[in-house]
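Here are a few exercises to work through with the model open beside you. Try each task before you read its solution.

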Amino acid sequence: MTTTLSSTTVSRWSNAALGWTAAAVLLLVWQLGAVSARSPYFPPPIDIFGNVYDRWFSAGLSHGILTDSFYSDILPSIGRLLVGLAIAWIVGITLGVLLGRIPVLAMTIEPLLHFMRGLPGPVLLPLALVLVGTGSAMRIGLITFGAIWPVLFNTYSAVRQVPEGFEDAARSTRISRTGMLFRVILPSASTGIFAGIKVSTSLGIILLIASELYAASDGIGFGLSQAQRSFEFLTMWSYIVALSILGYLSNLLLVRIEHSLLDWHRLRMAIDN
Amino acid sequence: MANALLEVDNLSHTYHTDRGEQRVLNGLSFSVDDGEFVSIVGPSGCGKTTLLRTLSGLLEPTGGTISLGGRVIDGVPEGLAMVFQDYRASLFPWRRVGANVEFPLLGIVGKSERRARTAESLAAVGLEGMEERYPWQLSGGMQQRVAIARALAMQPKLLLMDEPFASVDAQTRSDLEDLLLRVRDQYDMTILFVTHDVDESVYLSTRVVSLSKAPTVKTADLLIPLDFPRDQIRTREEELFVTTRGEVARLIRQACPGGLQVEV
Amino acid sequence: MTSTTEITPTRPVTPSTSSQDRFLRRTNLTHLFWGTIGVLGFLTLWELVARLHLLPRDALPPASTTLARAAELLTDPAFLTQIGYTLWAALVGYAIALVIAVPLGLLLGLSNRLYAATSTIVELVRPLPPIGLVPLLVLVAGQGLEMKSAVVALGCVFPLLVNTIHGVHSTNGVARATARSFGWSPALVAYRVVWPSAVPSVLTGVRVTVSIALILCIGAEFIGGSTTGLGSWLLLQSMLPQGIDSVCAGVIIAGLLGLLINAIVSVLETKYASWARRDEG
């Protein structure tokens, strides 16, 4: 891997400081540029962040910081995302394990799965609409349908790549079938599965927004399209920032979880180089 | 005659692949008595791995029977433990050393008993106190000792070992060989040991079984006339050692007549 | 920065086999046999479900009808023109992303200073899904080619960037040091040693992002209400009565198009970087 980045703590801190400084500089440039250009399309970042705060985070500490608007605008989106992803993960991992362990099943279904994963999510919206109606079920269904593929394929691939040695070692201890699955196969495949989970989360967010832009009565996507209709650029940018924060935080959360669950892998790879 | 712990009767195995049939084991018969240390040697390509997989129950042979403790085995039998050559693909990297050693006992024995047996096994291989490390933090020799400890925790009647010291350096190998002899003494274990190293087979065993190249048959069954306890320097200097190892080496050389190339 | 989207992490180098190796040893004929059964079985199931009215007719036309309509469309020049619009917009957007991401990736990969400086910015901007920018872009740039290619470019630039940087970072340090010991300038080292070593990673990124480009373009057309392209065609059909047949057919064609493009890129990748294709499952 990279031998050029120094690995001492001092270096890491200075790199982080450099990064944030550069970001701040960029923000400053943006601010100055926006103020001088006075374009309605691109309000200054200070105004945008101010709006974000006012709209969603200004309820004060005693009321839990989050405003009512947050609960009506942002929370429904988060809820749909979580439900859709949860279903995608459970079904995806289960199917991935089945495919990985039953070769005949894999050979039969694989071509179909490859085809389906390539379908552009947004265009399935009309189908979903007709099949399931305009409610949350449609949106959750779309998220699940799109987010399942990375998890499924990564699980499938990871399960197939479990070294034979692990299975032999476990079998020689007369382990039960469930024991093999939960104590050997899944842990061995866990890094691949988690990589799939990370990808599926970004995919899920994309489909969440697409479905809310297309047909919704609340949520971030809905807020975006509403603002678009009324040409309220400041509001649009606020929703864009909210979306960014959602993506950033969900990724951060996943990375934290990965560090606590899968640290053994990272450290082992570091030793093996 | 003492009770035969392991009886192998006319064992054969044929692999069916897309490229046709390969007869790897061709009617092997031998037995291992309680307390013996039997080494299995042979040239590369003689089906040692296949043999061990059938003996451990991981592979169902296409012909012949294997009996452990008088009962014909079907799948992996009780009372057996195995140590593999590649510790990196047999010790679980997501589990700490202690968790690896107690792995065979999960669901069979309670937590306190597991902890006790783990501590005991680790002490037996000279790794006391290492429960909280990860296997990959240890050296190759130490990792193989963890693998042995895991096998010991099962308190097996028969220990199968598949070229366990092939992946470590010479110095570590000597240490591990002596460790194995000590452990065998301590637990009064019966060991079946596959190796390609002639010196090692003679140094460790009470008996050596030599095999031919595939289709594999038994070419000889030698009793090792050396005394216990053995010493890396003293024993290897003995005339009996030199002649015996020469005999074994000749047997292996004779077992490759034309040099058949067969994939195992 | 983390690496690409769907590559599983490097597995440790052990000599043991996995069920994957045993799986791949089965002949291609066996794979083909079962795969065909799977596809036929699926189509039959679909046909039955539709014919037996297990789902409303408006929701899901039978397989036979859909496939017939798809065949019809593939010979219809008007439809094919729409596909052309989509492919063109995706290509333009993709080219923009390439031109930005690869040189920038090289630069950031080679200079640790710059990499550290831009890391935070990239981590903050990357999570934004391009689809969320469609409403804004529609107002700023209209619903035509500019909007579509902007969406595609935004969606493809980050994966390409990350992959290029990864490729540069994984250059063998010894090779680099050796080259510099010859007295070569940093630029020459970059050209002769670093770039060739980074190419496989870049190509992997290309393959992954090409599919993204197509899907993004269609999605942008669909959500943004374009007037040209496959996505807009689908949007139109979905609003017509009895349009569901066309929508289903169109979706299938979109899927096949994606498979085709992916296959082409895979072949190209094998031709130019087969020696470095290690971690593919």
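A quick word on annotations: UniProt positions are given in the numbering used here, feature names are shortened, and annotations may be inferred rather than shown by experiment. This is a predicted model, where local features need pLDDT of at least 70, side-chain atom pairs count only at pLDDT 80 or more, and totals for chains, interfaces and linings use all residues. Residues are numbered from 1 along each chain as its sequence is written, while chains are lettered from A and ligands numbered from 1 in the order in which they are written.

**Exercise 1.** Find the annotated domains of chains C and B, and work out their helix and strand content.

*Solution.* Start with chain C: an unreviewed UniProt entry puts "domain: ABC transmembrane type-1" at residues 83–265. Helices (H or I, at least four residues) and strands (E, at least two) are DSSP runs, numbered from the N terminus. On that basis, residues 83–265 of chain C are 85% helix and 0% strand, with the end C-alpha atoms 18 Å apart. Now chain B: its unreviewed entry lists "domain: ABC transporter" at residues 6–238. That stretch of chain B comes out at 31% helix and 27% strand, and its end C-alpha atoms are 31 Å apart.

**Exercise 2.** Describe how α1(A) packs on α5(C).

*Solution.* Two packed helices are described by the angle between their axes and the distance between the axes. Axes are lines fitted to C-alpha atoms, for helices over the stretch in contact, and angles run from 0 to 180 degrees between N-to-C directions. Next, list contacts (C-beta atoms, placed from the backbone, within 7 Å). Among those in α1(A) are A:W20 and A:L26, and α5(C) brings residues including C:I121 and C:L124. Finally, sort by class: Ala, Val, Leu, Ile, Met, Phe, Trp, Tyr, Cys and Pro count as nonpolar, Asp, Glu, Lys and Arg as charged, and the others, Gly among them, as polar. The tally is nine nonpolar, five polar and no charged.

**Exercise 3.** Which classes of residue make up the side of chain C that touches chain A, and the side of chain B that touches chain A?

*Solution.* Take chain C: 63 of its residues meet 66 residues of chain A. The chain C side has 32 nonpolar, 28 polar and three charged residues. For chain B, 18 residues are in contact with 14 of chain A. The chain B side splits into 13 nonpolar, three polar and two charged.

Notes:
Two residues are in contact if their C-beta atoms, placed from the backbone, lie within 7 Å.
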